[in-house]
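Reader: Could you walk me through this one slowly? I'm still getting used to reading structures.
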Amino acid sequence: MLDVLHVTKRYHKVTANADISFQIPDGQVGILLGPNGAGKSTIIKCIAGFLKYEGQIRINGLDNKSIEAKRILGYVPEIPSLYPNLTVDEHMEFLARAYKLKDYKEHKEQLLERFELDDKKKKFGDELSKGMQQKLSICCGLLPKPRLILFDEPMIGLDPHAIKELKTMLAELRSDGCSILLSTHMIDSIEELWDTTYIMKQGAVAAVVQKDMAGGQEKSLEDIFFEITEGEV
């Protein structure tokens, strides 16, 4: 479970996140939906422990910056950050050693096969296309079998097969009880994936939409999004 409580992030006089609070229970998918510059990536980086902030963030009751919390946290950044002199397979092995994983080989092979990287194991990070780099970044994020996984715009640059595979994997993770937080500005990419959507505007959560509640409304998530971010449609 992820708990974000009154988190504010300021860069000098600029407030990137303003008093943000939300919760992602086990086995649910939360979506951060908003235009570019709404503060989605900032709150993701706060949760991942990369930024200093005011407020509190807890993962399964643990402070998000603790070693115990980081062991159950997975993160897939918007822009892949790979080592140019490590091969695809070496990236996965590096993660396995960093997390001190045991009995991970089969899981590693399954991830590489599902994202069509099993024949690219000897390719170096800087030899991969942007789409392949994104797929390797996803594989690295999922290798430790995290209980909370953060995805920041994960579908940008992916080919149709990889998008389909990622959506299937998200459904599997949710069924397995993982908490998932995914940020995006592409509304059509999250269809049928979400449980709760947090619509962000100017660094704050402007609206919370529950899927079970939205199903009985005449307005679609897209309609609600544009009303919140651009005024009446």
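Reader: To begin with the hairpin of strand 1 and strand 2, how many residues are between them, and which one in the turn has a positive phi?
Author: Please keep in mind that this is a predicted model. The hairpin formed by strand 1 and strand 2 has two residues between the strands, and His12, which sits in the turn, has a positive phi of about 60°.

Reader: And how many bridges join strand 1 to strand 2?
Author: Seven bridges join strand 1, residues 2-11, to strand 2, residues 14-24, and the two strands run antiparallel.

Reader: Changing topic, what is the order of the strands in the open sheet of six?
Author: The order is 6-7-8-3-9-10, and the pairing in this open sheet is mixed. Its edge strands are strand 6 (73-76) and strand 10 (204-210), each of which pairs on one side only. From one strand to the next, the twist averages 15°.

Reader: Is strand 9 mostly covered or exposed?
Author: Strand 9 is mostly covered, with five of its six residues buried.

Reader: Which helices lie on the sheet, then?
Author: Helix 1 (residues 40-48) lies across strand 3, strand 6, strand 7, strand 8 and strand 9, and runs at about 150° to strand 7. Helix 6 (residues 160-175) also packs on the sheet, where it touches strand 3, strand 7 and strand 8, and its direction makes about 145° with that of strand 8.

Reader: What about helix 3 and helix 4, at what angle do they pack?
Author: Helix 3 (residues 88-98) and helix 4 (residues 105-114) pack at an angle of about 140°, with their axes 11 Å apart, which means that helix 3 is oblique to helix 4. Their crossing is right-handed.

Reader: Which residues make that contact?
Author: Helix 3 contributes Val88, Asp89, Met92 and Glu93, while helix 4 contributes Lys105, Lys108, Leu111 and Leu112. Sorted by kind, the residues of this contact divide into four nonpolar, four charged and no polar.

How values were computed: Residues numbered from 1 in each chain as written. Predicted model: local features only at pLDDT ≥ 70, side-chain atom pairs only at ≥ 80, totals over all residues. Heavy atoms only, no water. Axes fitted to C-alpha atoms, helices over the stretch in contact; angles between N-to-C directions. Helix = DSSP H or I, 4+ residues; strand = E, 2+ residues; numbered from the N terminus. Parallel < 35°, antiparallel > 145°, perpendicular 65-115°, else oblique. Left-handed = near helix turned anticlockwise from the far one by under 90°. Contact = heavy atoms within 4.5 Å. Nonpolar A, V, L, I, M, F, W, Y, C, P; charged D, E, K, R; others polar. Pairing = 2+ DSSP bridges. Buried < 20%, exposed > 50% of the residue type's maximum accessible area, 1.4 Å probe, protein only.
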